[in-house]
Amino acid sequence: MAEFIIKMPDVGEGVAEAELVEWHVKPGDPVREDMVLAAVMTDKATVEIPSPVNGIVRWLGAEVGDTIAVKAPLLRIEVAGDGEAADDGTGASAPVGVEASTMSTIENQPSGVVEEKPVPSIAKDQRRAKPVETHPVSPAPVKPVASPAVRLRAQEGGIDLRQVLGTGPAGRITHDDLDRFVVRGADLPVSAKALARNTTFEEIKVTGLRRRISEKMTRAAARIPHITYVEEIDVTDLELLRETMNGNRKQDQPKLTLLPFLMRAMVKTCAEQPGINATFDDDAGIITRHGGVHIGVATQTSTGLTVPVVRHAEARSIWDCAAELMRVAEAARSGSALREELSGSTITITSLGALGGIATTPIINYPEVAIVGVNKIVMRPIWDGRRFVARKMMNLSSSFDHRVVDGFDAASFIQRIKALLETPALLFIES
């Protein structure tokens, strides 16, 4: 018998540590080659760790939520025979992130070895949350008031009288109350239900992508003095153009949403105001203005908010922007996005679609200096100087890093986007 120690792999791009977000095995589980053992998360991506060998899991070196340094022991697998563990310990024949152990057999190891756990790069005792606890409290018994005949009828019908609203004296339940309950079911006013204090609570440890989101939002809000500018846009003509283009699109062209048009407007405006398409290294005190417009699009996934990036939007047509946006957003939602597809944006769009509300206060995607927030489109009466006319209106709620973007420049940026969207033919005029 021999043993493999699987170490935290190097996930590249200078990443020195990663957070363990999921175990797929536990001690005693048999594993086979290429079977996924665990998942770890870096700043931008989740990486699955496969098994390089067949064997049995004997030891796990961390718990979900722990931060593990690259090359720190992650788990040990007992392997049969000499062939599986015939590595000389140099790692020459081992997969990335996996190194053979000292080749000592399990039987020859001190008993404490199997139970030993390494100290993670961050002290676990300081970060480990309390285990999830619930404290159920039994509600006080409530005995409904009803006649024996009503009780018998409810019993025969399988009706819980505590769910029935009594309208008789002192809340007595009558036959009519039963009839109404049968017709309406349990959809009764809150007052009809048994009331009891709910003192239970649940503590949920913030791990994985949610922790990344928390850290990034905290850093952005703490370090960037935001200035938020809201402007309404008349998108009636733009919506008409969008519907026309969708009605005449080719089979291989994606359906256009509003976002590709907004991206086109941002590209043209960033060319005129390069200070907006920028990142700010506030530690070094350096603003970098980018020639390429790499637009991040905040995307909701089942695990939380991610920002896939449409790179070089300045070199893409409306249709190409739509296709690339669809591709990277789907990759983000399915968890298959590559690291480079989730990083490197120079300006970001955030949109809640039909839930976009009237206005929002977007948090800048650090270290960028601007974010454009899209609110929902609504039909409103607008005074044209002679009469009220129905127009499709939408607000843009956009935030800027006030350290490097003055209010005048922020307003000019949005006003230029407004002009382009309200006269959409301008989007297609090359400068």
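The largest nonpolar core holds 45 residues, and Leu262, Ile295, Ile347, Phe413 and Ile417 touch the most other members. A nonpolar core here is a set of buried Ala, Val, Leu, Ile, Met, Phe, Trp, Tyr and Cys residues joined through side-chain atoms within 4.5 Å; buried means under 20% relative accessible area, exposed over 50% and partly exposed in between, with a 1.4 Å probe and protein chains only. Helix α7 (residues 258–272) gives the most to this core, with nine residues. Please keep in mind that this is a predicted model, in which local features need pLDDT of at least 70 and side-chain atom pairs count only at pLDDT 80 or more, while totals for chains, interfaces and linings use all residues. Residues are numbered from 1 along each chain as its sequence is written, and side-chain values use heavy atoms, with hydrogens and water left out.

**Cores**

- Ile295 is in contact (heavy atoms within 4.5 Å) with Met263, Val267, Pro308, Val309, Val310, Ala313, Ser345, Ile347 and Ile349, leaving aside neighbours within four places in sequence.
- As background, nonpolar side chains in soluble globular proteins tend to be buried together.

**The chain as a whole**

- The chain has nine helices and 19 strands; these are DSSP runs numbered from the N terminus, with helices being H or I of at least four residues and strands E of at least two.
- Of the 431 residues in the chain, 42% are buried.
- Among contacts between residues at least 6 apart in sequence, 65% join residues at least 24 apart.

**The six-stranded sheet**

- Six strands form an open, mixed sheet in the order β10-β19-β18-β17-β13-β16, where two strands pair if DSSP finds at least two bridges between them.
- β10 (226–234) and β16 (309–310) stand at the edges with a single partner strand each, so one side of each has no neighbour in the sheet.
- Strands β17 (residues 347–351) and β18 (residues 370–383) run parallel and are joined by four bridges, with Ser351 having Val374 as its bridge partner in β18.
- Helix α6 (residues 236–247) lies across β10, β18 and β19 (388–401), at about 95° to β19; axes are lines fitted to C-alpha atoms, for helices over the stretch in contact, and angles run from 0 to 180 degrees between N-to-C directions.

**Pairings of β6**

- Strand β3 (residues 30–31) runs antiparallel to strand β6 (residues 55–60), and two bridges join them; Val31 has Gly55 as its bridge partner in β6.
- β6 also pairs in the antiparallel sense with strand β8 (residues 73–79) over four bridges, and Val57 stands opposite Ile77 in β8.

**Two buried loop residues**

- Asp282 sits in the loop between β11 (278–281) and β12 (286–289) and is buried, with a relative accessible area of 19%.
- The side chains of Asp282 and Tyr366 make a polar contact of 2.7 Å; such a contact is a pair of N or O atoms within 3.5 Å, where within protein one must be able to donate a hydrogen and the other to accept it, and residues adjacent in sequence count only if both atoms are side-chain atoms.
- His294 lies in the loop between β12 and β13 (295–297) and counts as buried at 12% relative accessibility.
- A polar side-chain atom of His294 lies 3.0 Å from the backbone nitrogen of His312.
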